[in-house]
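Thanks, everyone; I would like to take a few minutes to go through one model with you. Please have a look at it first, and then we can go through some details together.

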Amino acid sequence: MTYQVKIIYPKEEALESNKLTERTFNEYIDDLEAEEVIGQYEQLLTKGYSISVNFTPPQVDKEGEEQDPFKIAESFELAGIPYKATLKLKASGSYEEMVKIAKMIEQQGYDYSITVKLQINENSPVDFEKESSWFDSEYAKYTVLPKASSQDIADLRSLYDVLSEERYKVSINLKAKVKKDDDDSFATQLAAYPSETLVTFKLTDASYV
């Protein structure tokens, strides 16, 4: 398996035209084997950096299928890595459509928030002072944001399946909980992710941590 690596270096201050500015430098490296990624990690540690790591798996696998977050979570569990799973939903539309989704979320025992974007102009029938005018399907767009997360991805399975069956764009974000600047934890976590995962190293000077 190969991975992509992005290294975000600490900001550096520079004097330009008598003005103090901050410069940022990012480095990208493609097609690294797991051993090479681990080598990069260890090399940065030896240079005195403290490293925050973020893993972004590809949206689709080699067969063109969407990544299965449940398989990744299973890898975490087999490796003994604790994690947090958060369900993400991209859905916006009319009031009636979003009420349907809200009921699905509520039936699964989760909270949610709803935001509304109103278009108010000379051609719009929406009058902000009249709540009854906020439901026009053309000039009012509602967005539902579920508040569904768990330390066991199995808790999210039912809601994930219900939304997927209705063809909504739903995903689950996984955030592993590992020790910072720990070689063993990093190597174990890396092995749990699929090929072509983007591994982001955000560096800070250890002396300032």
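The side chains of Glu-166 and Lys-100 meet in a salt bridge, with 3.3 Å from N to O, where a salt bridge is taken to be a side-chain nitrogen of Lys or Arg within 4 Å of a carboxyl oxygen of Asp or Glu. This pair links distant parts of the chain, since Glu-166 sits in the loop between α4 and β11 (169-176) and Lys-100 in helix α3, 66 residues apart. Please keep in mind that this is a predicted model, in which local features need pLDDT of at least 70 and side-chain atom pairs count only at pLDDT 80 or more, while totals for chains, interfaces and linings use all residues. Residues are numbered from 1 along each chain as its sequence is written, and side-chain values use heavy atoms, with hydrogens and water left out.

Glu-166 counts as partly exposed because its relative accessibility is 35%, and Lys-100 does so at 41%; buried means under 20% relative accessible area, exposed over 50%, and partly exposed in between, with a 1.4 Å probe and protein chains only.

How many salt bridges does this rule give? The count comes to two, and the other pair is Arg-157 with Asp-161, whose closest N and O atoms are 3.7 Å apart.

Let me go back to helix α3, residues 95-107, which lies across β7, β8 and β9 and runs at about 10° to β9; the axes are lines fitted to C-alpha atoms, for helices over the stretch in contact, and angles run from 0 to 180 degrees between N-to-C directions. Helices (H or I, at least four residues) and strands (E, at least two) are DSSP runs, numbered from the N terminus.

Those strands form an open sheet of three in the order β7-β9-β8, with antiparallel pairing, and two strands pair if DSSP finds at least two bridges between them. The edge strands, each pairing on one side only, are β7 (92-93) and β8 (111-118). Eight bridges join β8 to β9, residues 140-147, and Asp-111 has Lys-147 in β9 as its bridge partner.

Note on methods. Contact = heavy atoms within 4.5 Å.
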